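Please read this briefing alongside the sequence and the structure. It is arranged by topic, in short points.

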Amino acid sequence: MASSNAFSFQKLLGAYYQCRRRKRKTINAAKFELNFESGLLKLEKELKDKTYRPGRSICFVITDPKPREVFAADFRDRIIHHLLVGCLEPFWEKKFIHHSYSCRKKKGAHLAIKDLKRFIRKASRNFSRPAYYLQTDIAGFFMSLKKDILLKMIAKHLKNPEMLWLAERIINYDPTKNYYYKGDPALYRLIPPRKSLFKVPSGQGLPIGNLTSQFFANVYLNELDQFAKHQLNIKYYLRYVDDLLIIHQNPRQLKLWRQQINQFLKDKLELELHPQKTVLQSIYKGINFVGFVVKPRHSLLRRRIVGNLKRKLWRFNHSPVPENEEIFSERLDKILAVVNSYYGQFKRADTFNLRRSIYNKHFGVLKSYLEPDSQNFNYFKLLRINFSGRKNACLKEPE
């Protein structure tokens with residue numbers, strides 16, 4: 001890619017279309033879309049003049065599955081994130097190992113579980129012999145990541161000076177200097193100091209919530225992946241973000257690998273494994289990974305995930321009914337997307353009875369608006385609704 005073309009309007013337009021796929025209904029996205037051409041032209045000029053500065057972030061705390069601090073970039077900056085990742089991704093995808101699953105196209109948790117099932121079958125010779133697994137993660141990964149090390153990794157392979165400048169601008173940006181807080185301030189007391197960008201030393205930490213942070217996490221830990229696969233020669237190795245899983249027939253070998261991995265992290269990446277988050281036990285006891293509990297003959301979902309869906313269904317059924325038809329239709333579209341997302345995950349485990357039970361016991365008034373595709377409860381679709389009668393349908397749960 002010619003350097004003069006790195007920040008062209010055409011590339012920004014493509015990044016804009018990528019960015020708005022999931023953010024089009026947000027307020028900031030709608031504002032930008034009102035005059036997106038002039039907005040992209042302004043971004044183009046700022047990038048070419050090297051006057052671009054990331055704008056104000058939204059800081060908030062999420063509590064599921066555990067309290068975490070999130071810095072969400074403005075829509076305008078998200079376009080720039082897509083531009084940068086779109087440039088870097090084709091090269092780095094060739095370097096990443098197959099068995100790294102987080103935030104990559106055609107990867108994800110479902111493929112991780114599929115490969116894990118295949119690994120435990122092979123390691124145990126189709127469950128005829130003992131096999132063990134080691135599971136561990138990196139202590140405070142996103143807050144401990146060193147920016148100078150990350151930049152050296154990027155600069156080693158990125159020869160485009162404009163894109164290298166942009167990568168430095170984004171990596172070195174400190175969102176704690178320009179943000180506004182959204183949500184209940186009391187939630188911030190739930191965040192441990194080691195998990196907050198406000199508390200980490202200068203020169204380290206990436207904000208959770210940005211596309212670039214997710215991509216840079218894979219770049220950073222690719223060094224570990226290469227070490228594990230090509231120097232330690234670990235055959236059954238999987239990684240999802242900073243969650244590491246290794247399968248082997250000998251538990252002593254797993255302990256040795258953990259020591260070697262931890263030393264590598266300290267020496268090369270200035271990270272370390274979490275001292276209290278290591279599990280080493282037989283595969284026959286079940287492996288808790290990316291939301292599933294995988295056992296030799298079947299797999300289950302974690303209770304937390306099932307509970308999350310039940311709470312979302314309860315909130316829908318107990319929320320006031322909007323008077324506006326358009327608002328009500330949007331609410332139905334959102335809950336349909338949520339339900340189908342969860343049921344899509346449920347299908348990856350042995351959950352037919354669970355899928356049927358949730359529909360019968362927890363859908364409530366949603367039975368008036370959604371119908372299952374079949375008796376298998378694989379997914380749901382909207383029923384045709386007479387809006388004038390929707391309030392009566394909501395006053396009483398269907399029989």
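Val 279 counts as partly exposed because its relative accessibility is 33%, where buried means under 20% relative accessible area, exposed over 50% and partly exposed in between (1.4 Å probe, protein chains only). The model is predicted, so local features need pLDDT of at least 70 and side-chain atom pairs pLDDT 80 or more, while totals for chains, interfaces and linings use all residues. Residues are numbered from 1 along each chain as its sequence is written, and side-chain values use heavy atoms, with hydrogens and water left out.

**Val 279 and its contacts**

- Val 279 lies in strand S7; helices (H or I, at least four residues) and strands (E, at least two) are DSSP runs, numbered from the N terminus.
- Leaving aside residues up to four places away in sequence, Val 279 touches Tyr 133, Leu 134 and Gln 135, contact being heavy atoms within 4.5 Å.
- Val 279 and Leu 134 are 145 residues apart along the chain, yet 5.7 Å separates their C-alpha atoms.

**Helix H10**

- Helix H10 (residues 251-269) has 19 residues, which at 1.5 Å a residue should span 27 Å; its end C-alpha atoms are 26 Å apart, which agrees. The expected span is 1.5 Å times one less than the number of residues.
- The buried residues of H10 are Leu 254, Trp 257, Arg 258, Ile 261, Asn 262, Phe 264, Leu 265 and Leu 269.
- An α-helix has 3.6 residues a turn, so residues three or four places apart point the same way.
- Exposed residues Arg 252, Lys 255, Gln 259 and Asp 267 are carried on the face of H10 turned away from its buried side.
- The cover over the buried residues of H10 includes strand S3 (132-138), H7, H9, strand S6 (243-248) and strand S7 (273-282).

**Positive phi values**

- Most residues other than glycine have a negative phi.
- Arg 125, not a glycine, has a positive phi of about 55 degrees. Arg 125 sits in the loop between helix H5 (109-123) and S3, and is exposed, with a relative accessible area of 54%.
- Glu 270 also has a positive phi, near 55 degrees. The loop between H10 and S7 holds Glu 270, which is partly exposed at 45% relative accessibility.

**Largest cavity**

- There is 1 cavity of 30 Å³ or more. On a 1 Å grid over the protein atoms alone, a cavity is a set of points where a 1.4 Å probe fits but cannot get out, a pocket is an open set with protein on both sides within 12 Å along at least five of seven lines, and lining residues have an atom within 4 Å of a point.
- The largest cavity holds about 160 Å³ of space, a volume being the space filled by probe spheres set on the points, which are joined across faces, edges and corners.
- Its lining has 17 residues, with His 81, Ile 170, Tyr 173, Pro 207 and Asn 210 nearest the centre.
- H4, helix H8 (161-172) and H9 each supply at least two residues of this lining.

**Second largest pocket**

- The second largest pocket has a volume of about 250 Å³.
- Among its 13 lining residues, Trp 92, Met 153, Lys 156, His 157 and Glu 223 are the closest to its centre.
- Helix H4 (75-95), helix H7 (147-157) and helix H9 (211-231) each give two or more residues to the lining of this pocket.
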